[in-house]
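Me: I'd like to learn how to read a few features of a protein model. Could you walk me through them one at a time?

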Amino acid sequence: MTAFTCGFEAEGAKDERAAAEKVARALDLDWRETSFGEADFWRILPEVAWALDDPTADYATLPTYKLAEAARGTLTVVLTGEGGDELFGGYGRYRRALRPTWLGGRPAEPRPADAQVLARWRAEAKPPPGLTALQQAQWADVTTWLPNDLLLKLDRCLMAHGLEGRTPFLDPEVAAFAFPLPDRFKVRGRYGKWILRKWLERTCPAAEPWARKRGFTVPVEAWIAPRAKAIGDRIAGFEALRRLKGTDEVKALFANEGAAGRWPLLFFAVWSLIHLEGAEPRAALEAAVGAI
């Protein structure tokens, strides 16, 4: 069996290739790794925007796309881990949902600036009666985040390279086992996915199952920053951006050194040129960013 993983070439970026290789060696897998740097970011961005006919500005699409690119020709079907956190309680927001308010507990829900957006999300994510606080948070993710972001991202990036994905954690029998589990088998203290960690402790200790969970963070803001003001001046005039944010707001965001939130607007700008105005992917990138 062949295993692929991706690491990032950027100062301060999280890179788990060494840990992943350790597990692959312990399981006697054919180990393959690839790296993702700034050149990959600018090359792949318009290709991902083309592949995602629904505008999902999740930066994890970028390494997912490159991993699919690397696996093409070696594999036709890949196994991925989507659903593990949602069904076994892996996210930190689940632990916060279980704490009392006076200890920093809060509902596991988004905090958009628009109250109507939150109201629509709550209507879609409304759980059935009888669930624990943890299960309510899981239910919200399974009905919103998982299908509308994670699985959409996976499907589009894999199919762009002729690959099919399989998600073992979302097998109906696995899901039917995991979701009703008592909370103590999912979250204990600072550990999520407790039952999976216990299983790995016995079956694959090389995975270091009690190590702290790390987020999958792509350093997109660091790659955008040197070009940020010029990008803002360009995309602020795009029709889709004017309708979404307004010219002055877009320019101000990109001109503000250290500001976060540039990536979704850049992605949407490129995406809108491709899917709303019929631009070729590379031409859309050059219109938004200039020559690379």
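Reply: Gladly! Keep in mind that this is a predicted model. Let's take a side chain and its surroundings as our starting point. Asp85 sits in helix α4, which covers residues 84–88.

Me: Is Asp85 buried or exposed?

Reply: Buried means under 20% relative accessible area. Asp85 has a value of 13%, so it counts as buried.

Me: Which residues does Asp85 touch, leaving aside those up to four places away in sequence?

Reply: Its contacts are Gly90, Tyr91, Tyr94, Lys193 and Lys213.

Me: Now a helix. What end-to-end distance should α7 have, and what does the model show?

Reply: Helix α7 runs over residues 133–159, which is 27 residues. At 1.5 Å a residue it should span 39 Å, and the C-alpha atoms at its ends are 36 Å apart, so the two values agree.

Me: Where in α7 does a kink lie?

Reply: Look at Leu146, where the helix has a kink of about 60°.

Me: Last topic: backbone angles. What should I expect for phi?

Reply: Most residues other than glycine have a negative phi. Asp28 is not a glycine, yet its phi is positive, about 60°. Glu208 also has a positive phi, near 45°.

Me: Where do Asp28 and Glu208 lie?

Reply: Asp28 is in the loop between α1 (17–26) and β2 (30–36). Glu208 is in the loop between α9 (194–203) and α10 (220–224).

Me: How do the accessibilities of Asp28 and Glu208 read?

Reply: Exposed means over 50%. Asp28 has 68% relative accessibility, so it counts as exposed. Glu208, with a relative accessible area of 45%, is partly exposed.

Conventions:
Residues are numbered from 1 along each chain as its sequence is written. This is a predicted model: local features need pLDDT of at least 70, side-chain atom pairs count only at pLDDT 80 or more; totals for chains, interfaces and linings use all residues. Side-chain values use heavy atoms; hydrogens and water are left out. Helices (H or I, at least four residues) and strands (E, at least two) are DSSP runs, numbered from the N terminus. The expected span of a helix is 1.5 Å times one less than its number of residues. The bend at a residue is the angle between axes fitted to the seven residues ending there and the seven starting there. Buried means under 20% relative accessible area, exposed over 50%, partly exposed in between (1.4 Å probe, protein chains only). Contact means heavy atoms within 4.5 Å.
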